[in-house]
Amino acid sequence: MKELGIVKGILPKVFQERDFMWEEVKSYSEMNILLNYEINMLNNKVDTLDEDILMKEGQITILKDWIGKPFDLLASPDSLLE
């Protein structure tokens, strides 16, 4: 009987600790969802920046190709391809 009294005394503390840990798990789960969303948003931004870099590099290449070539504003577009 003495053991039963000890268990009854410990049991509320165990339930309280369990409830506290469950709340922590829920909190960490919510935080994890938010962080995953932020990671996805940042990955999308990185992808957009990578595309922008590729476009800028292409523009730079085109401009480098044009350096040293004579530029005639009145020339036909076909003559610019030569």
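Helices here are DSSP runs of H or I with at least four residues, strands are runs of E with at least two, and both are numbered from the N terminus. With that rule, the protein has two helices and zero strands.

Some ground rules before the details. This is a predicted model, in which local features need pLDDT of at least 70 and side-chain atom pairs count only at pLDDT 80 or more, while totals for chains, interfaces and linings use all residues. Residues are numbered from 1 along each chain as its sequence is written, and side-chain values use heavy atoms, with hydrogens and water left out.

Next, the surface. Areas come from the Shrake-Rupley method with a 1.4 Å probe, and for residues only the protein chains shown count as cover. The accessible surface comes to about 8,100 Å², and 65% of that belongs to carbon and sulfur atoms. Buried means under 20% relative accessible area, exposed means over 50%, and partly exposed is in between. Of the 82 residues in the protein, buried ones make up 0%.

Now the salt bridges, meaning a side-chain nitrogen of Lys or Arg within 4 Å of a carboxyl oxygen of Asp or Glu. The count comes to two.

One joins the side chains of lysine 26 and glutamate 23, at 3.4 Å from N to O. How far apart are lysine 26 and glutamate 23 in helix α1? They are three residues apart in that helix, which covers residues 2–66, so about one helical turn separates them. Lysine 26 is partly exposed at 35% relative accessibility, and glutamate 23 is partly exposed at 44%.

The other pairs arginine 18 with aspartate 19, at 3.0 Å from N to O. Arginine 18 has 49% relative accessibility, so it counts as partly exposed. Aspartate 19, at 39%, is also partly exposed.

Last, the patches. They are made of residues with over 30% relative accessible area and no salt bridge; like charges are joined within 9 Å, and nonpolar side chains (Val, Leu, Ile, Met, Phe, Trp, Tyr) within 5 Å.

The nonpolar patch, of about 510 Å², is made by Ile6, Val7, Ile10, Leu11, Val14 and Phe15. Valine 14 sits in helix α1 and is partly exposed, with a relative accessible area of 44%.

For charges, Lys and Arg count as positive and Asp and Glu as negative, without His and the chain ends; the charge is placed at NZ of Lys, CZ of Arg, CG of Asp or CD of Glu. Asp47, Asp50, Glu51 and Asp52 form a negative surface patch. Aspartate 47 lies in helix α1 and is partly exposed at 44%.

Definitions and conventions:
Buried < 20%, exposed > 50% of the residue type's maximum accessible area, 1.4 Å probe, protein only.
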